[in-house]
Amino acid sequence: MKRTRASYEQLFQSYSDVVTLSEFCKMLGGIGERTARKLIRENRVQHFYIRCTYLIPKEWAIDYILSDHYTEYKKALKVKIE
């Protein structure tokens, strides 16, 4: 089943509008912080870096989840998020 933006917004409604790196990891099914930092450094995920802290608006996290890169990345890891 292909999820839509609305379904992800409902799934992540308990998260604040801006998530931390550890919350972002949980949103992506429990990936490691090292992997999340790599995605951020490669500019796969839009973010803010303020006072040594990565902050990611929830909308941008959903944008990444809906991206082609995430679809291929998920297949490569054989991780079933949905």
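1. Overall make-up. The chain has five helices and three strands. Helices (H or I, at least four residues) and strands (E, at least two) are DSSP runs, numbered from the N terminus. Along the sequence, the pattern reads α-β-α-α-β-β-α-α. The radius of gyration is 12 Å, close to the 12 Å that the globule rule gives for 82 residues, so the chain is as compact as a globular protein of that length. That radius is taken over C-alpha atoms, and the globule rule is 2.2 Å times the number of residues to the power 0.38.

2. Basis of the model. This is a predicted model, in which local features need pLDDT of at least 70, side-chain atom pairs count only at pLDDT 80 or more, and totals for chains, interfaces and linings use all residues. Residues are numbered from 1 along each chain as its sequence is written, and side-chain values use heavy atoms, with hydrogens and water left out.

3. Extent and surface. The C-alpha trace spans about 40 × 25 × 20 Å along its principal axes. Of the 82 residues, 30% count as buried. Buried means under 20% relative accessible area, exposed means over 50%, and partly exposed lies in between (1.4 Å probe, protein chains only).

4. Contacts and charges. Take contacts between residues at least 6 apart in sequence: 53% of them join residues at least 24 apart. Contact means heavy atoms within 4.5 Å. The chain carries 15 positive and 10 negative charges, and their mean positions are 6 Å apart. Lys and Arg count as positive, Asp and Glu as negative; His and the chain ends are not counted. Each charge is placed at NZ of Lys, CZ of Arg, CG of Asp or CD of Glu.

5. The core. Which residues touch the most other members of the largest nonpolar core? They are Phe24, Leu28, Val45, Ile56 and Tyr64, out of 21 residues. Two or more residues each come from helix H2 (21–27), helix H3 (33–41), strand E3 (53–57), helix H4 (58–65) and helix H5 (68–77). A nonpolar core is a set of buried Ala, Val, Leu, Ile, Met, Phe, Trp, Tyr and Cys residues joined through side-chain atoms within 4.5 Å. Leaving out residues up to four places away in sequence, Tyr64 touches Phe24, Leu28, Leu39, Arg44, Val45, His69, Tyr70 and Tyr73.

6. Lys58. Is this lysine buried or exposed? Lys58 is buried, with a relative accessible area of 11%. It lies in helix H4. Beyond residues up to four places away in sequence, Lys58 touches Phe12, Gln13, Tyr15, Ser16, Asp17, Val18 and Met27. The C-alpha atoms of Lys58 and Leu77, 19 residues apart along the chain, are separated by 23 Å.

7. Glu33. This residue is found in helix H3. Glu33 counts as partly exposed because its relative accessibility is 37%. Its contacts, not counting residues up to four places away in sequence, are Leu21, Ser22 and Cys25. Glu23 sits 10 residues away along the chain, and its C-alpha atom is 9.8 Å from that of Glu33.

8. The loop between E2 and E3. Arg51 lies in the loop between strand E2 (48–50) and E3. Phi of Arg51 is near 50 degrees, a positive value in a residue other than glycine. For Cys52, also not a glycine, phi is positive, near 65 degrees. Arg51 counts as exposed, at 79% relative accessibility. Cys52 counts as exposed at 69%.
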